[in-house]
Amino acid sequence: MTMEKAKDYAELSEMAAARIISKLSTKPDSVLGLATGSTPEGMYEALIKAYKERNVSFAEAVTFNLDEYVGLESNDENSYAYYMNKKLFSHIDISPENAHLPNGKSDDLDAACADYERMIENAGGIDLQVIGIGLNGHIGFNEPHTPFEQRTHIVELDETTRNANARFFADLDSVPKHAITMGIQNIMESKELLLLVAGEQKASVLERLVYGDKTEAFPASIIKDHPNVTIIADQGALSGLKAADYQTGD
Ligand code: F6R
(Lines give C-alpha, C1' and ligand atoms only; values in the text may rest on other atoms or scores of the structure.)
Protein backbone atom coordinates (compact mmCIF):
# COMPACT_ATOMS: atom_id res chain seq x y z
CA MET A 1 0.00 0.00 0.00
CA THR A 2 1.53 3.31 -1.06
CA MET A 3 0.44 6.47 0.69
CA GLU A 4 0.83 9.85 -0.97
CA LYS A 5 0.36 13.10 0.84
CA ALA A 6 -1.37 16.09 -0.71
CA LYS A 7 -1.04 19.42 1.01
CA ASP A 8 -4.72 20.17 0.48
CA TYR A 9 -7.82 19.05 -1.37
CA ALA A 10 -6.85 20.88 -4.58
CA GLU A 11 -3.54 19.04 -4.73
CA LEU A 12 -5.20 15.72 -3.91
CA SER A 13 -7.59 16.28 -6.83
CA GLU A 14 -4.74 17.10 -9.22
CA MET A 15 -2.75 14.06 -8.09
CA ALA A 16 -5.73 11.77 -8.53
CA ALA A 17 -6.52 13.18 -11.98
CA ALA A 18 -2.87 12.74 -12.97
CA ARG A 19 -3.12 9.01 -12.18
CA ILE A 20 -6.10 8.64 -14.49
CA ILE A 21 -4.52 10.73 -17.25
CA SER A 22 -1.37 8.66 -17.05
CA LYS A 23 -3.36 5.41 -17.19
CA LEU A 24 -5.25 6.62 -20.28
CA SER A 25 -2.07 7.76 -21.98
CA THR A 26 -0.53 4.29 -21.68
CA LYS A 27 -3.81 2.46 -22.32
CA PRO A 28 -6.43 4.67 -24.03
CA ASP A 29 -9.08 1.95 -23.75
CA SER A 30 -8.60 1.57 -20.00
CA VAL A 31 -11.52 0.33 -17.95
CA LEU A 32 -11.95 2.79 -15.10
CA GLY A 33 -13.94 2.20 -11.96
CA LEU A 34 -15.44 5.46 -10.70
CA ALA A 35 -16.95 6.71 -7.47
CA THR A 36 -19.35 9.49 -6.53
CA GLY A 37 -19.53 11.46 -3.27
CA SER A 38 -17.76 14.68 -2.33
CA THR A 39 -14.20 13.42 -2.45
CA PRO A 40 -13.73 12.81 -6.20
CA GLU A 41 -15.50 16.01 -7.29
CA GLY A 42 -12.23 17.95 -7.54
CA MET A 43 -10.63 15.10 -9.48
CA TYR A 44 -13.47 15.23 -12.01
CA GLU A 45 -13.03 18.99 -12.35
CA ALA A 46 -9.31 18.50 -12.95
CA LEU A 47 -10.06 15.81 -15.56
CA ILE A 48 -12.49 18.09 -17.40
CA LYS A 49 -9.86 20.84 -17.44
CA ALA A 50 -7.25 18.42 -18.76
CA TYR A 51 -9.67 17.24 -21.44
CA LYS A 52 -10.39 20.82 -22.51
CA GLU A 53 -6.67 21.49 -22.72
CA ARG A 54 -6.36 18.34 -24.87
CA ASN A 55 -4.19 16.56 -22.34
CA VAL A 56 -6.46 13.52 -22.13
CA SER A 57 -9.12 11.79 -24.16
CA PHE A 58 -11.80 9.38 -22.96
CA ALA A 59 -12.86 8.42 -26.48
CA GLU A 60 -11.86 4.79 -25.98
CA ALA A 61 -12.30 4.61 -22.20
CA VAL A 62 -14.89 2.43 -20.53
CA THR A 63 -16.17 3.27 -17.06
CA PHE A 64 -18.09 1.43 -14.37
CA ASN A 65 -19.38 3.26 -11.35
CA LEU A 66 -19.30 1.56 -8.00
CA ASP A 67 -22.88 2.08 -7.07
CA GLU A 68 -26.31 3.58 -7.63
CA TYR A 69 -29.35 4.15 -5.47
CA VAL A 70 -32.34 1.90 -5.99
CA GLY A 71 -35.48 3.63 -7.23
CA LEU A 72 -34.15 6.94 -8.54
CA GLU A 73 -34.55 7.87 -12.20
CA SER A 74 -31.29 8.70 -13.98
CA ASN A 75 -32.51 12.29 -14.33
CA ASP A 76 -33.23 12.55 -10.60
CA GLU A 77 -30.63 14.96 -9.36
CA ASN A 78 -29.72 12.67 -6.47
CA SER A 79 -29.06 9.65 -8.66
CA TYR A 80 -25.45 8.80 -9.26
CA ALA A 81 -26.15 8.71 -13.01
CA TYR A 82 -27.12 12.37 -12.78
CA TYR A 83 -24.06 13.16 -10.69
CA MET A 84 -21.72 11.50 -13.19
CA ASN A 85 -23.32 13.24 -16.17
CA LYS A 86 -23.21 16.59 -14.49
CA LYS A 87 -19.76 16.33 -12.98
CA LEU A 88 -17.91 14.45 -15.71
CA PHE A 89 -19.51 12.63 -18.61
CA SER A 90 -21.31 15.57 -20.25
CA HIS A 91 -18.04 17.53 -20.36
CA ILE A 92 -15.76 14.92 -21.93
CA ASP A 93 -15.61 12.76 -25.05
CA ILE A 94 -16.65 9.46 -23.48
CA SER A 95 -19.19 7.43 -25.51
CA PRO A 96 -22.41 7.21 -23.49
CA GLU A 97 -22.56 3.45 -24.18
CA ASN A 98 -19.17 3.06 -22.51
CA ALA A 99 -20.16 4.81 -19.28
CA HIS A 100 -21.89 2.34 -16.99
CA LEU A 101 -23.71 2.55 -13.69
CA PRO A 102 -25.74 -0.18 -12.00
CA ASN A 103 -29.40 -0.02 -13.00
CA GLY A 104 -31.24 0.86 -9.80
CA LYS A 105 -34.50 1.26 -11.73
CA SER A 106 -34.62 -2.31 -12.97
CA ASP A 107 -37.77 -4.33 -12.25
CA ASP A 108 -35.45 -7.22 -11.55
CA LEU A 109 -32.65 -5.97 -9.37
CA ASP A 110 -30.97 -9.37 -9.05
CA ALA A 111 -30.77 -9.54 -12.84
CA ALA A 112 -29.40 -5.98 -12.88
CA CYS A 113 -26.58 -7.10 -10.54
CA ALA A 114 -25.81 -10.13 -12.72
CA ASP A 115 -25.83 -7.94 -15.85
CA TYR A 116 -23.39 -5.53 -14.27
CA GLU A 117 -21.03 -8.37 -13.39
CA ARG A 118 -21.22 -9.64 -16.96
CA MET A 119 -20.52 -6.21 -18.44
CA ILE A 120 -17.45 -5.74 -16.26
CA GLU A 121 -16.20 -9.18 -17.21
CA ASN A 122 -16.84 -8.60 -20.92
CA ALA A 123 -14.89 -5.35 -20.72
CA GLY A 124 -11.91 -7.33 -19.44
CA GLY A 125 -12.15 -6.27 -15.78
CA ILE A 126 -11.34 -2.95 -14.18
CA ASP A 127 -7.85 -1.53 -14.71
CA LEU A 128 -8.03 1.28 -12.17
CA GLN A 129 -10.71 1.62 -9.54
CA VAL A 130 -11.15 4.92 -7.71
CA ILE A 131 -12.76 4.60 -4.29
CA GLY A 132 -13.66 6.83 -1.38
CA ILE A 133 -14.21 5.69 2.18
CA GLY A 134 -17.25 6.21 4.39
CA LEU A 135 -17.12 7.25 8.03
CA ASN A 136 -17.93 3.66 8.99
CA GLY A 137 -15.23 2.29 6.69
CA HIS A 138 -17.57 1.41 3.85
CA ILE A 139 -16.26 1.18 0.30
CA GLY A 140 -18.81 1.45 -2.46
CA PHE A 141 -21.98 0.85 -0.46
CA ASN A 142 -20.46 -2.17 1.24
CA GLU A 143 -21.42 -1.45 4.81
CA PRO A 144 -19.76 -2.98 7.89
CA HIS A 145 -20.15 -6.76 8.07
CA THR A 146 -20.60 -7.19 4.33
CA PRO A 147 -18.77 -10.44 3.56
CA PHE A 148 -15.45 -9.76 1.87
CA GLU A 149 -16.32 -12.25 -0.88
CA GLN A 150 -19.54 -10.43 -1.80
CA ARG A 151 -20.00 -9.45 -5.47
CA THR A 152 -22.41 -6.91 -7.03
CA HIS A 153 -25.49 -6.92 -4.83
CA ILE A 154 -28.39 -4.97 -3.37
CA VAL A 155 -27.79 -3.38 0.00
CA GLU A 156 -29.89 -1.88 2.70
CA LEU A 157 -28.12 1.35 3.57
CA ASP A 158 -26.75 1.82 7.04
CA GLU A 159 -28.21 4.73 9.06
CA THR A 160 -24.74 6.36 9.29
CA THR A 161 -24.54 6.37 5.52
CA ARG A 162 -28.10 7.64 5.02
CA ASN A 163 -27.44 10.42 7.54
CA ALA A 164 -24.14 11.33 5.87
CA ASN A 165 -25.83 11.50 2.45
CA ALA A 166 -28.95 13.31 3.68
CA ARG A 167 -27.20 16.62 2.97
CA PHE A 168 -27.91 16.07 -0.72
CA PHE A 169 -31.63 15.37 -0.23
CA ALA A 170 -34.62 17.43 0.94
CA ASP A 171 -34.70 15.43 4.19
CA LEU A 172 -33.58 12.12 5.66
CA ASP A 173 -36.81 10.38 4.63
CA SER A 174 -36.05 11.11 0.96
CA VAL A 175 -32.71 9.26 1.11
CA PRO A 176 -33.25 5.87 -0.55
CA LYS A 177 -33.02 2.87 1.75
CA HIS A 178 -31.40 0.59 -0.83
CA ALA A 179 -28.65 0.72 -3.40
CA ILE A 180 -26.89 -1.56 -5.86
CA THR A 181 -23.18 -1.74 -5.28
CA MET A 182 -20.21 -3.57 -6.66
CA GLY A 183 -19.12 -5.99 -3.98
CA ILE A 184 -15.87 -5.97 -2.10
CA GLN A 185 -14.73 -8.85 -4.28
CA ASN A 186 -15.22 -6.76 -7.43
CA ILE A 187 -13.23 -3.92 -5.89
CA MET A 188 -10.44 -6.32 -4.95
CA GLU A 189 -10.35 -7.75 -8.49
CA SER A 190 -9.52 -4.37 -9.97
CA LYS A 191 -5.93 -4.38 -11.22
CA GLU A 192 -5.17 -1.17 -9.39
CA LEU A 193 -6.92 0.68 -6.57
CA LEU A 194 -6.82 4.39 -5.86
CA LEU A 195 -8.31 5.46 -2.54
CA LEU A 196 -8.91 9.17 -2.02
CA VAL A 197 -9.29 10.47 1.53
CA ALA A 198 -9.87 14.15 2.23
CA GLY A 199 -10.50 16.24 5.31
CA GLU A 200 -10.04 16.03 9.04
CA GLN A 201 -13.40 14.30 9.46
CA LYS A 202 -11.78 11.27 7.79
CA ALA A 203 -8.65 11.29 9.99
CA SER A 204 -9.86 8.60 12.41
CA VAL A 205 -11.10 6.47 9.51
CA LEU A 206 -7.72 6.61 7.80
CA GLU A 207 -6.01 5.92 11.11
CA ARG A 208 -8.11 2.79 11.60
CA LEU A 209 -7.42 1.70 8.03
CA VAL A 210 -3.67 2.05 8.42
CA TYR A 211 -3.21 0.76 11.96
CA GLY A 212 -6.26 -1.45 12.48
CA ASP A 213 -6.84 -5.12 11.75
CA LYS A 214 -8.50 -6.59 8.73
CA THR A 215 -12.11 -7.13 9.70
CA GLU A 216 -15.49 -7.22 7.98
CA ALA A 217 -16.59 -4.72 10.65
CA PHE A 218 -14.48 -2.18 8.75
CA PRO A 219 -14.84 -3.05 5.06
CA ALA A 220 -11.99 -0.87 3.75
CA SER A 221 -9.52 -2.89 5.85
CA ILE A 222 -9.48 -5.52 3.08
CA ILE A 223 -7.62 -3.24 0.68
CA LYS A 224 -4.40 -3.91 2.56
CA ASP A 225 -4.46 -7.32 0.85
CA HIS A 226 -4.60 -5.73 -2.61
CA PRO A 227 -1.26 -5.91 -4.44
CA ASN A 228 -1.49 -2.48 -6.08
CA VAL A 229 -3.14 0.17 -3.96
CA THR A 230 -2.35 3.84 -3.64
CA ILE A 231 -3.93 6.10 -1.08
CA ILE A 232 -3.88 9.81 -1.76
CA ALA A 233 -4.78 11.74 1.35
CA ASP A 234 -4.67 15.39 2.26
CA GLN A 235 -3.14 16.93 5.35
CA GLY A 236 -6.40 16.87 7.31
CA ALA A 237 -7.05 13.19 6.64
CA LEU A 238 -3.46 12.36 7.53
CA SER A 239 -3.56 14.14 10.87
CA GLY A 240 -3.98 10.90 12.83
CA LEU A 241 -0.99 9.15 11.23
CA LYS A 242 2.66 9.19 12.16
CA ALA A 243 4.61 11.14 9.53
CA ALA A 244 6.91 8.15 8.99
CA ASP A 245 3.93 6.20 7.71
CA TYR A 246 3.38 8.27 4.59
CA GLN A 247 5.52 9.78 1.88
CA THR A 248 5.76 13.54 2.10
CA GLY A 249 6.21 14.08 -1.60
CA ASP A 250 8.74 16.83 -0.67
C1 F6R B 1 -19.63 6.59 -3.75
C2 F6R B 1 -19.21 5.55 -2.82
C3 F6R B 1 -19.03 5.80 -1.37
C4 F6R B 1 -18.20 7.05 -1.08
C5 F6R B 1 -18.03 7.25 0.41
C6 F6R B 1 -17.29 8.53 0.73
O7 F6R B 1 -19.75 6.08 -5.05
O8 F6R B 1 -19.05 4.46 -3.26
O9 F6R B 1 -18.40 4.68 -0.78
O10 F6R B 1 -16.95 6.93 -1.70
O11 F6R B 1 -19.30 7.31 1.02
O12 F6R B 1 -18.08 9.61 0.35
P13 F6R B 1 -17.54 11.10 0.38
O14 F6R B 1 -16.52 11.21 -0.68
O15 F6R B 1 -18.76 11.96 0.08
O16 F6R B 1 -17.01 11.32 1.75
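Glu-41, Tyr-44 and Ile-48 of helix 2 meet Tyr-83, Met-84 and Lys-87 of helix 3, contact being defined as heavy atoms within 4.5 Å. Helices are DSSP runs (H or I, at least four residues), as are strands (E, at least two), numbered from the N terminus. The residues of this contact comprise four nonpolar, no polar and two charged; Ala, Val, Leu, Ile, Met, Phe, Trp, Tyr, Cys and Pro count as nonpolar, Asp, Glu, Lys and Arg as charged, and the others, Gly among them, as polar. The model is predicted, with pLDDT of at least 70 needed for local features and 80 or more for side-chain atom pairs, whereas totals for chains, interfaces and linings use all residues. Residues are numbered from 1 along each chain as its sequence is written, and side-chain values use heavy atoms, with hydrogens and water left out.

Helix 2 (residues 41-52) packs against helix 3 at an angle of about 40°, their axes being 10 Å apart. Axes are lines fitted to C-alpha atoms, for helices over the stretch in contact, and angles run from 0 to 180 degrees between N-to-C directions. The two helices are therefore oblique to each other (under 35 degrees is roughly parallel, over 145 roughly antiparallel, 65 to 115 roughly perpendicular, and the rest oblique).

Gly-140 is placed in the loop between strand 6 (128-131) and strand 7 (153-156). With a relative accessibility of 11%, Gly-140 counts as buried (under 20% relative accessible area; exposed, over 50%; partly exposed, in between; 1.4 Å probe, protein chains only). Beyond residues up to four places away in sequence, Gly-140 touches Leu-66, Asp-67, Thr-181 and Ile-187.
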